[in-house]
Amino acid sequence: MDFEILGQIKNIESIAIGRGVHDRTRLNKLHGKGRWRKLKGFATVRLPDDTIHRAELHWYEAHGIGRRELKLKLPLLD
């Protein structure tokens, strides 16, 4: 991750669950078997140049495995 999450991720919504997650096979091989979900939410983030922005985040999550592969989606919201 090339950013730091400040505070909580809010307004979390599911994008895909179970078989709807297209990267399911890769995630199972890399992180372990689980019921993978792709989620999105909004949070305040600090970028490497120390600027602070409100941004949309996307990530994968599975029970017992946790949150993996956080991605910062552009444009940043201010």
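## Burial and overall build

Of the 78 residues of the protein, 29% count as buried. Buried means under 20% relative accessible area, exposed over 50%, and partly exposed in between, with a 1.4 Å probe and protein chains only. This is a predicted model, in which local features need pLDDT of at least 70, side-chain atom pairs count only at pLDDT 80 or more, and totals for chains, interfaces and linings use all residues. Residues are numbered from 1 along each chain as its sequence is written, and side-chain values use heavy atoms, with hydrogens and water left out.

The protein holds 1 helix and 4 strands. Their order along the sequence is β-α-β-β-β. Helices (H or I, at least four residues) and strands (E, at least two) are DSSP runs, numbered from the N terminus. The C-alpha trace spans about 35 × 20 × 20 Å along its principal axes.

## Contacts, surface and charge

Contact means heavy atoms within 4.5 Å. Among contacts with a separation of 6 or more, 50% come from residues 24 or more positions apart.

The accessible surface comes to about 5,300 Å². Carbon and sulfur atoms account for 49% of that surface. These areas come from the Shrake-Rupley method with a 1.4 Å probe; for residues, only the protein chains shown count as cover.

The protein has 16 positive and 10 negative charges, and their mean positions are 12 Å apart. Lys and Arg count as positive, Asp and Glu as negative; His and the chain ends are not counted. Each charge is placed at NZ of Lys, CZ of Arg, CG of Asp or CD of Glu.

## Two nonpolar cores

A nonpolar core is a set of buried Ala, Val, Leu, Ile, Met, Phe, Trp, Tyr and Cys residues joined through side-chain atoms within 4.5 Å. The largest one has 10 residues: Phe-3, Ile-9, Leu-39, Ala-43, Val-45, Leu-47, Ala-55, Leu-57, Trp-59 and Leu-70. Strand 2 and strand 3 each supply at least two residues of this core. A second, separate core has 7 residues, including Val-21, Leu-27, Ala-62 and Ile-65.

Phe-3 belongs to the largest core. Beyond four places in sequence, Phe-3 touches Val-45, Arg-46, Leu-47, Leu-57, Leu-70, Lys-71 and Leu-72.

His-58 lies in strand 3. His-58 is buried because its relative accessible area is 12%. Its side chain makes a polar contact of 2.7 Å with that of Glu-56. A polar contact is a pair of N or O atoms within 3.5 Å; within protein, one must be able to donate a hydrogen and the other to accept it, and residues adjacent in sequence count only if both atoms are side-chain atoms. Not counting residues up to four places away, His-58 touches Ile-15, Lys-38, Leu-39, Lys-40, Glu-69, Leu-70, Lys-71 and Lys-73.

Glu-61 also sits in strand 3. Its relative accessibility is 19%, so Glu-61 counts as buried. A polar contact of 3.2 Å links the side chains of Glu-61 and Trp-59. With neighbours within four places set aside, Glu-61 is in contact with Arg-35, Trp-36, Arg-37, Leu-39, Gly-66 and Arg-67.

## Strand 1: Ile-12

Ile-12 is placed in strand 1 (residues 4-17). At 46% relative accessibility, Ile-12 is partly exposed. Leaving out residues up to four places away, Ile-12 touches Leu-39, Lys-40, Gly-41 and Trp-59. Arg-37 is 25 residues from Ile-12 along the chain, and their C-alpha atoms are separated by 12 Å.

Lys-33 lies in the loop between helix 1 (24-31) and strand 2. Lys-33 counts as exposed, with 74% relative accessibility. Still, Lys-33 touches Asn-28 and Ile-65, not counting residues up to four places away in sequence. Ile-65 is one of the residues of the second core.

## Positive phi angles

Asp-50 has a phi near 65°, a positive value in a residue other than glycine. Asp-50 lies in the loop between strand 2 (37-46) and strand 3 (52-62). Its relative accessibility is 59%, so Asp-50 counts as exposed.

Glu-69 has a positive phi near 55°, and is likewise not a glycine. Glu-69 lies in strand 4 (residues 66-77). Glu-69 counts as partly exposed because its relative accessibility is 26%. Glu-69 is also among the residues that His-58 touches.
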